[in-house]
Amino acid sequence: MTASIATGQTILVVGGGISGMTAALEAAECGKRVILVEKTPSLGGRTAQLYRYFPKMCYPSCGMEINLKRIKGNPNVRVMTMTEVTAVSGSRGNYAVTLKVSPRYVTENCTACGECGKAVTSEVADTFNYGLSKVKAAYLPNAMAYPQRYVIDPSIAGTAEGEAAKAACKYSAVDLGMKEDTVQLNVGTVVWATGWRPYDANKIQPYGYDRFANVITSVEFERLCDPHGPTGGKILRPGDGKEAKNIAFIQCAGSRDENHLPHCSRICCMASLKQTQYVREAYGEGENAGKSTIYYIDIRAIDRFEDFYQMVQKDPTVSFVKSKVAKIVENKENGNPILHGVDTEGYHRYDTEHDLVVLAVGMEPEVTGVKLPDDIILDSSNFIEGSKDGGMFGAGAASSPLDVNRAVQSATAASLKAIQVIHKTASTEAA
Amino acid sequence: MSDLNTQAVARYKNNFLREVEERVEEGNMVKMCMQCGVCAGSCPFGPHWQHSPQKIFMMIRAGKREELLTSDSMWMCTSCYNCIVRCPRKLPITHIIHGLANYAHRLKLVPKGQPTRDVTKLFWDNLMKVGRINELTFSLALYFKDGLVQGIKNSLAMQSAGLGLLKAGRLNPMEIFGGHKCKEQSGIHRMIAKAREIEDGRRGLLA
C-alpha cells in the first residue's frame with residue numbers, strides 16, 4: 001500500500017488517450033492538481049495507433065508531441081501508467097479511489113537503450129499493431145511511448161530470459177521483484193476518459209472475420225498503412241502477404257444493428273473515406289492504380305466533412321455500392337473474399353471478388369462488461385453520461401462515439417465541469 | 001377482383017403504406033426498413049423470386065399496390081427466418097411476407113393457379129371440415145387439383161410411397177369415408193368464426 005498526497009482538491013482522470021490527456025492538461029494548466037491514470041504502459045491510446053487523421057490527412061504523432069511536451073512541462077499532472085481503477089466510493093467532492101498498479105519490471109532508471117530487448121528471444125503479440133506482428137518480450141510500447149521506458153512482459157519475469165534482460169541492463173533499471181501494488185487516493189472529482197474499443201468482428205458471423213485471413217478490421221488497416229506498422233506501410237494482406245490492390249470497405253460492421261451495436265458509431269464513414277486515400281497514396285492513379293469500393297447503407301460524413309465525401313466521390317479509384325453486404329465467402333483458389341448482396345439502387349444481385357476486405361467496425365465503450373461505480377449513469381449503449389451526484393463525468397469516446405477532434409472538445413468540456421466541482425469543494429472547505 | 005378490393009382502393013386511395021400498416025400482420029413495422037438489403041442478400045431463394053423482401057418494402061412505400069399484391073413473391077417464402085435473424089432493425093420480415101400473402105388472398109388478387117396458395121387453401125379447407133387433417137383426402141385433393149388426367153399421373157408417380165405407407169400401417173384407406181373427426185365440430189367452427197371476426201374487426205375488414 002502506497003500513501004499519497006492527493007486531496008479533495010485533486011482531479012482524477014481515468015484513461016490516457018487523447019481525451020484523458022486533454023482533460024488532464026486543460027485542468028492542470030488552470031492550476032489544478034491532476035492524476036492521470038492509464039491502463040497500458042504508455043499514453044496516447046488508440047489515437048496514437050492511427051496512421052493519419054481526417055480530414056487534413058495529418059499525422060497523430062504531431063499532436064502527440066505537443067501534448068507530451070505540455071505534460072512534461074507541467075508539475076500539476078502526475079501520470080501513472082499500467083494503473084487501473086478498481087473501486088470508487090464516497091461522493092462529489094470527496095471520493096476514495098483504489099488503484100491497482102501492475103508491475104512493469106523496469107524502473108525510472110531506464111534510458112530506453114534497448115539492450116534488454118536484444119538479450120531476450122521470446123516474443124509476444126504487439127498490441128500496438130493489434131496483434132498483426134510480434135514484439136520482443138522486453139519492449140518499448142511504441143516509438144513515441146511516454147514514458148520512454150521499456151516494459152518486461154510478465155510471461156518472462158520469473159524466467160532465465162528475465163534474468164538475461166536484467167544482466168544486459170547497464171543502468172540497473174530491471175527489477176524483476178516488482179509486485180502488483182494497490183494505491184488509495186482521495187480525489188474531488190473523476191473524469192472517465194476510458195475511450196472505446198473496436199467491436200469484436202468475430203461476432204459478425206456472416207463476414208467470417210474469424211475464418212478468412214483476408215478480412216480485416218479498419219483499425220488493423222490503419223496499422224498496415226503506417227510506415228511504422230508491421231508491413232512498413234505496404235498494403236500486404238495477412239492471408240499470403242500479397243499486395244492488396246482491390247480493396248472493399250464494409251460500413252456499419254456491427255454499428256446500426258440491433259443484433260450488435262444499436263448506435264451509429266459516427267466515425268466509420270469518414271474513416272473509410274480516409275482509408276481510400278491511403279490506397280490512392282500507395283498506388284497512385286493510372287495503370288497501376290489501386291481500387292477502393294465502399295459498401296454502405298448511407299454515408300454519414302458527419303456534418304462539415306461533407307466536402308471530404310464529395311472529394312472522394314470524384315476520385316476515379318473509389319466506387320460506392322449502396323448495400324449492406326449480406327455475406328462473405330472465400331475463393332479457395334486464391335484466398336480472395338467474395339462479397340454477396342443486393343444493391344439498393346436497382347436491386348441488382350452481386351457477387352464481387354476483392355483482394356482484401358476492411359470491416360469498418362463500430363465503436364464500443366471500453367468499459368462494456370466492466371463493473372463501474374454504482375453512481376455512474378450509462379446510456380443504452382454503455383457510454384458514460386455522468387454520475388448521479390454530479391461529481392463524475394464522461395469524456396471523449398467514453399461518453400459518445402466521437403472522432404479525435406470532437407473527443408478533444410468533449411474532454412475540454414468535461415475538464416471545465418471537473419474544475420467547477422473542485423471550486424465548490426474548495427469553497428466548502430474554506431467555510 | 002372483389003368487393004373487398006374495391007372498398008380498399010376507395011378507402012386508401014394511393015396510400016398503400018397506410019393500408020398495409022392497418023390491414024397486414026405486423027404491417028406497422030414496414031416503415032422501419034432502412035433499405036440495407038441484408039434480407040434480400042440472405043434469402044436462400046436468392047434470385048428465384050420476382051421481388052425480394054427489401055424490394056417489397058420499397059414497393060409498399062412507393063404505392064405499387066397492384067403490382068405487389070398480384071405478384072407471386074410473397075408466396076415463395078419458405079419461413080426459414082434467415083431475414084428476421086439478420087435484419088439490423090429486427091423487422092419481423094417473415095411475418096410481414098405471410099401477412100401480405102394472406103391479405104392478397106382475402107382481396108382475391110392472387111393469380112389463378114398460384115401453387116402455394118392452392119395447397120395452403122386445400123390444407124385449410126380440409127382441416128376446417130372436421131377439425132383435423134385427413135391425410136388421405138388431402139393428398140388426393142392435392143394430386144387431382146389440376147384435373148383428372150394430371151391426378152392419375154400424380155397418383156401413379158406416388159404409388160410406391162403410398163403402398164409403403166399402407167404396409168407400414170401409416171395410411172388407412174378407410175379414411176376416405178370421412179375418417180377421424182373431432183368430437184365437438186360445431187364448437188371448432190364457432191371458435192374459428194369468432195377468431196376471424198375479431199381479427200377482421202381489428203383490421204377493418206368487416207363488411
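**View 1. A:V14 and A:W192 meet as bridge partners between two strands of chain A.** In β11(A), A:W192 is the residue bridged to A:V14. This is a predicted model, in which local features need pLDDT of at least 70, side-chain atom pairs count only at pLDDT 80 or more, and totals for chains, interfaces and linings use all residues. Residues are numbered from 1 along each chain as its sequence is written, with chains lettered from A and ligands numbered from 1 in the order in which they are written. Strand β1 (residues 10–14) of chain A runs parallel to β11(A), and four bridges hold the pairing. Strands count as paired if DSSP finds at least two bridges between them. Helices (H or I, at least four residues) and strands (E, at least two) are DSSP runs, numbered from the N terminus.

**View 2. Strand β11 (residues 189–192) of chain A is covered on both faces.** One side carries A:T189 and A:V191, the other A:V190 and A:W192, and all of these are buried. Buried means that 20 or more other C-beta atoms lie within 10 Å of a residue's own; 12 or fewer makes it exposed, anything in between partly exposed, with C-beta atoms placed from the backbone. β11(A) also runs parallel to strand β24 (residues 392–394) of chain A, joined by three bridges. Here A:V190 has A:M392 of β24(A) as its bridge partner.

**View 3. A:V191 and A:L359 touch the most other members of the largest nonpolar core.** That core has 151 residues, and helix α9 (residues 404–430) of chain A gives the most to it, with eight. A nonpolar core is a set of buried Ala, Val, Leu, Ile, Met, Phe, Trp, Tyr and Cys residues joined through C-beta atoms within 7 Å. Leaving aside neighbours within four places in sequence, the contacts of A:L359 include A:Y207, A:Y209, A:I250 and A:A253. Contact means C-beta atoms, placed from the backbone, within 7 Å.

**View 4. Domain 1 of chain A touches domain 3 of chain A.** The assignment, automatic or from a database, gives chain A domain 1 (10–102 + 180–195 + 366–430), domain 2 (115–168) and domain 3 (199–363). Centres of domains 1 and 3 of chain A, taken over C-alpha atoms, are 32 Å apart. On the domain 1 side, 13 residues are in contact with 18 residues of domain 3 of chain A. By class, that domain 1 side has eight nonpolar, three polar and two charged residues. Ala, Val, Leu, Ile, Met, Phe, Trp, Tyr, Cys and Pro count as nonpolar, Asp, Glu, Lys and Arg as charged, and the others, Gly among them, as polar.

**View 5. Chain B meets chain A.** Here 15 residues of chain B are in contact with 16 residues of chain A. On the chain B side, α3 (38–42) and α4 (53–61) are the elements giving two or more residues, and α3(B) gives the most, with four. Sorted by class, this side of chain B has six nonpolar, six polar and three charged residues.

**View 6. Helix α11 (residues 159–167) of chain B lies largely in the open.** Just after α11(B), B:G169 takes a positive phi of about 75°. For orientation, chain B is assigned domain 1 (3–111) and domain 2 (115–197), whose C-alpha centres lie 29 Å apart.

Notes
Two residues are in contact if their C-beta atoms, placed from the backbone, lie within 7 Å.
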